[in-house]
Amino acid sequence: MVFSSIPFLFRFLPIFLILYFVVPKRARNLVLFLGSIVFYAWGEPVYIVLMLFSTLSDYVHGLLIARYRGKKPASCFLVSSIVINLGLLGFFKYSGLNLPLPIGISFYTFQTMSYTIDVYRGEVEAQRNILDFGVFVTMFPQLIAGPIVKYKTVAAELRERHASLEDMAAGACRFTIGLGKKVLLANNIGQLFTKAAEMPAENLSLLMAWMGIAAYAFQIYFDFSGYSDMAIGLGRILGFHFPENFHYPYMAVSVTDFWRRWHMSLSSWFREYVYIPLGGNRKGLCRQLVNILIVWSLTGIWHGAGWNFLLWGMWFALFLILEKIIWGKALACMPKAVGWIYTMAVVLVSWCFFSLEQTDKILLFLKSMFGFGGGGLANGEALYVLDNYRLLFVILAIAALPLGKKAVEWVRGKAEKDTKAGFVLTVCLDLAEKLFLAAVLLLSVANIVDASYNPFLYFRF
């Protein structure tokens, strides 16, 4: 079951929310846990056992680590927890047995690992209520594709939370925006990338290759950030406050800046549980560079077993290291436009490794992007595609920037300063926002009704 589907929007979600808010507060965790099990079982009934085993395993390990904290057995139980988690993840993702990948395993595995590590460090108390811990692991809003939520972020809200009408309204708005990103933007521009990826080598021109990879860049951003928006919105409706996962990454002016803005919960996880424990930047430059290589090797491998994902991780590691030791300071002194062009070039090339997987296809795309393909610089088909998609590209570019947010803030600022026209401005702005959200919701539902199954891109990780 995906968020952008009729069964979820008009069957599961209304029934779940009614039950969730009708029962007493003390029973809401039970409703959330059972609802999450039903949500997962809709598409992955076999792997419920695996998810419940992972939940029970880390619940028990957390208690044992807390009991022996500061003693040798605690370290043994921590290692045991990590080995079991990584063993399950590695078996299903990298064994080569062509087993169906349990949806969300990469995300909930990292969440449970962060819990046992934090208990070992003494940063959180072990959760003794197995139902509350089960909710943390299986919570359906962010179970499938994040954001990766650390236990310490939601520990208090697992015990006691309050969803005000303001929170519920804000959560519904955030969910609607995410739905629009996925259905109206990501799905539509994804058709162009599919066309470019399937094009014969002799027809793939430089223009078509760059349009295709730019289409994928927009598709994966609006697809993944759309899911994150929906997850954060649903969480807020239920009284949870999940961390942000994106912050306008295509505004980045360096590769370092890009990874402060893209998939922030994953970057934060690797920084806190791998990079810093390895020594971070505290043990000299050489050790820091080795740590960067390790982290980005693992980041690539986390996404999949293919060599393309490792190459993708190494590509980013290369530029992060170069910024660290060669041109990082010079880049900071240059006009931001220069940094942005450099960053987008690096990121767009990276999406070739990430999206195409097959080595021959990656090489074909890269050759075409740099003018060595069989289709020349621009052929009739590329120009026809550009004519059909140029308006959508403009919309995508605007939507990827904080222009709308800043415009709303500017109008609200003017309304606060102008006592006479302020009330009218505020009313008009509120009405415009409501009409916009209503239009996004109606158009999204209309598209969902006519569309076939369209899972989120990060479901495969």
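Start with a crossing: helices H2 and H6 cross in a left-handed way. Keep in mind that this is a predicted model. Which residues make the contact? From H2 come Asn29, Leu30, Leu32, Phe33 and Ser36. From H6 come Leu131, Asp132, Gly134, Val135 and Thr138. By type, that contact holds five nonpolar residues, four polar and one charged.

Now the geometry. H2 covers residues 28-41, and H6 covers residues 130-138. Their axes lie 9 Å apart, at an angle of about 40°. H2 and H6 are therefore oblique to each other.

The largest pocket has a volume of about 1700 Å³. It is lined by 46 residues. Closest to its centre are Arg174, Ile177, Tyr248, Lys405 and Phe436. Which helix gives the most to this lining? That is H9, with 11 residues. H10, H17, H18 and H19 are also among the elements that give two or more residues. The lining of the largest pocket splits into 25 nonpolar, nine polar and 12 charged residues.

Next, the second largest pocket. Its space comes to about 800 Å³. Here 29 residues form the lining, and Thr256, Trp259, Arg260, Leu320 and Lys324 are the closest to the centre. Helices H11, H12, H13, H14 and H15 each give two or more residues to this second lining. Its residues divide into 14 nonpolar, nine polar and six charged.

That's my tour. Over to you.

Definitions and conventions. Residues numbered from 1 in each chain as written. Predicted model: local features only at pLDDT ≥ 70, side-chain atom pairs only at ≥ 80, totals over all residues. Heavy atoms only, no water. Axes fitted to C-alpha atoms, helices over the stretch in contact; angles between N-to-C directions. Helix = DSSP H or I, 4+ residues; strand = E, 2+ residues; numbered from the N terminus. Parallel < 35°, antiparallel > 145°, perpendicular 65-115°, else oblique. Left-handed = near helix turned anticlockwise from the far one by under 90°. Contact = heavy atoms within 4.5 Å. Nonpolar A, V, L, I, M, F, W, Y, C, P; charged D, E, K, R; others polar. 1 Å grid on protein atoms, 1.4 Å probe; cavity = no way out; pocket = protein on both sides within 12 Å on 5 of 7 lines; lining within 4 Å. Points joined across faces, edges and corners; volume = space filled by probe spheres on them.
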